[in-house]
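Please look over the sequence and the model below. The paragraphs after them walk through selected parts of the structure, starting from a single side chain.

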Amino acid sequence: MFTAIALCVAVFLTTALLSDNLPSGPPDEGELPGMARTHDIELGVAVAVNPLVHDGEYRSVITEHYTSVTAENTMKWQYVQPQRHQFDWSGPDTVVGFAESHDLNVRGHTLLWHNQLPSWLAQGSWSQDELRQIMREHLRALLGRYKGRVSAWDIINEPFEDTSPHLRENLWYRVLGPDYIAEALSMAHEIDPEARLYINEFGIEGGGDKADALHTLVEDLLQRGVPLHGIGFQGHFVHGNVPEDLADHMRRFTDLGLEVSVTELDVRIPEPSREDALEEQADEYRRVVEACLDVPRCVNVTVWGVSDQHSWVPEWFPGYTDALPFDEDYGPKPALSGMTEALSRRPSQRRPHP
Ligand code: XIL
């Protein structure tokens, strides 16, 4: 009798230990892709063509830590169609080819935006029919070429004004009116019915007027049956300002039946950045990944650059620095451990995709 009870206790303990096999310390960073896959999310990184081709260390950081890539610039209109009807596929093909040979997913970025347009397009004076035709040609070229190879596209980028809840009066808006958004999404869906089509926006991560306006727009689009599948929360944060309630704001959109992704995560620190700021930044990265894990239909967290050497932050936000999980020499920063810590949570803590 005593032996039987002892045996039962032993079996129980062993089973409990095996099912609770969380690593005690922070796991090896090299495990990140596997951990992300266990949680059924992608961990992505924005990549630039030049270092991708010429820098082996750059490539290793990507393949050892991430499961998806976004082209930081090379799929933008300015580079893809610098002259009307002249397409340059060298950069996009390099990124997609690299992704395919390393089993990485690709987020396509970006189709309709107000920035990085070629001058022939930005400075042309177009009738509605002409601009529609131009839009169709460009969507067909990009989505057609990478059909089945790029799983999600930022079709509409930054449709609202920087800091107000009004639609931005970009080229598309000025010529076609507010319905350019629905038109582009419908065209894109016709070209690649399998691709997840996104509106990508910034300044919505902590709620507010702009997020509300996007929500209203999205409700209207969905009611009209417009093919929209996801909302990208860019996630360009300033250290100290990463919202505590990011998951709630993402959930407002998944409640409408959409998926969400954090598409361009970085956390910039005012110079000079100190050791304690980097530790706090680790916490901020952890919280962002945890927010995604807390939202069943959050499918991807992408950081905006491979290392601080490649970040857009110093150029675009003078006086800020150190925004990414790897330093200028590819050394892992506390931020990387922050993401790892978030992903160390047991998969059971993530509710399954509905
Ligand atoms: C940025 C790139 O990182 C820079 O290299 C480029 O000079 C300008 O664009 N929102 C977006 C991204 O959707 O495409 C932008 O990327 C950053 C802001």
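In this predicted model, the side chain of Trp312 forms a polar contact with the side chain of Asp266, at 2.9 Å. The two residues are 46 positions apart in sequence, and their C-alpha atoms are 9.7 Å apart in space. Trp312 sits in the loop that runs between strand 9 (298-303) and helix 14 (313-316). Apart from neighbours within four places in sequence, the residues in contact with Trp312 are Glu72, His236, Asp266, Trp304 and Phe317.

Contacts that span the sequence can also be counted for the chain as a whole. Among contacts with a separation of 6 or more, 78% are between residues 24 or more positions apart. The chain has 354 residues, of which 54% count as buried. Its secondary structure consists of 15 helices and 10 strands.

Helix 4 can be taken as an example of how buried residues are arranged. This helix covers residues 56-65, and Tyr58, Val61, Ile62 and His65 in it are buried. Viewed down the axis of helix 4, these buried residues fall within an arc of 100°, so they line one face of the helix. What do the buried residues of helix 4 pack against? Their partners are helix 2 (32-38), strand 1 (42-47), helix 3 (49-54), strand 2 (68-71), helix 6 (90-101) and helix 15 (334-343). At the N-terminal end, helix 4 is capped by Asp55, which has a side-chain oxygen 3.0 Å from the backbone nitrogen of Glu57.

Thr74 belongs to the loop between strand 2 and helix 5 (77-80). Is Thr74 buried or exposed? Its relative accessibility is 13%, and because buried means under 20%, Thr74 counts as buried. Beyond its neighbours within four places in sequence, Thr74 is in contact with Val49, Tyr79, Val80, Gly91, Pro92 and Val95.

The axes of helix 13 and helix 15 are 7 Å apart and meet at an angle of about 30°. Since angles under 35 degrees count as roughly parallel, helix 13 and helix 15 are therefore roughly parallel to each other. Their crossing is right-handed. On the helix 13 side, the contact is made by Leu278, Glu279, Gln281, Ala282, Tyr285, Arg286, Val289, Glu290 and Leu293; helix 15 contributes Pro334, Ala335, Gly338, Met339, Glu341, Ala342 and Leu343.

Helix 13 (residues 275-294) has a crossing with helix 12 (residues 246-254) as well, where the axes come within 9 Å at roughly 35°. This crossing of helix 12 and helix 13 is right-handed. Leu246, Ala247, Met250 and Arg251 of helix 12 make the contact with Val288, Ala291, Cys292 and Asp294 of helix 13.

Another pair is formed by helix 8 (residues 128-145) and helix 10 (residues 180-191), whose axes come within 9 Å and cross at roughly 40°. That angle makes helix 8 oblique to helix 10. The crossing of helix 8 and helix 10 is right-handed. From helix 8, the contact involves Arg132, Met135, Arg136, Leu139, Arg140, Leu143 and Gly144, and from helix 10 it involves Tyr180, Glu183, Ala184, Met187, Ala188 and Ile191.

The last stop is the backbone. Most residues other than glycine have a negative phi, and most peptide bonds are trans. Which residues does a cis peptide bond with omega of about -5° join? They are His109 and Thr110, and Thr110 lies in strand 3 (residues 105-112). A further cis peptide bond runs from Glu271 to Pro272, with omega near -10°. Pro272 is in the loop between strand 8 (259-270) and helix 13.

Gln116 is not a glycine, yet its phi is positive, at about 55°. It is located in the loop between strand 3 and helix 7 (119-122), and at 23% relative accessibility Gln116 counts as partly exposed. Asp322, also not a glycine, has a positive phi of about 55°. The loop that holds Asp322 lies between strand 10 (320-321) and helix 15.

Methods
Residues numbered from 1 in each chain as written. Predicted model: local features only at pLDDT ≥ 70, side-chain atom pairs only at ≥ 80, totals over all residues. Heavy atoms only, no water. Buried < 20%, exposed > 50% of the residue type's maximum accessible area, 1.4 Å probe, protein only. Helix = DSSP H or I, 4+ residues; strand = E, 2+ residues; numbered from the N terminus. Arc of directions from axis to C-beta. Contact = heavy atoms within 4.5 Å. Polar contact = N/O pair within 3.5 Å; in protein donor to acceptor, adjacent residues only side chain to side chain. Axes fitted to C-alpha atoms, helices over the stretch in contact; angles between N-to-C directions. Parallel < 35°, antiparallel > 145°, perpendicular 65-115°, else oblique. Left-handed = near helix turned anticlockwise from the far one by under 90°.
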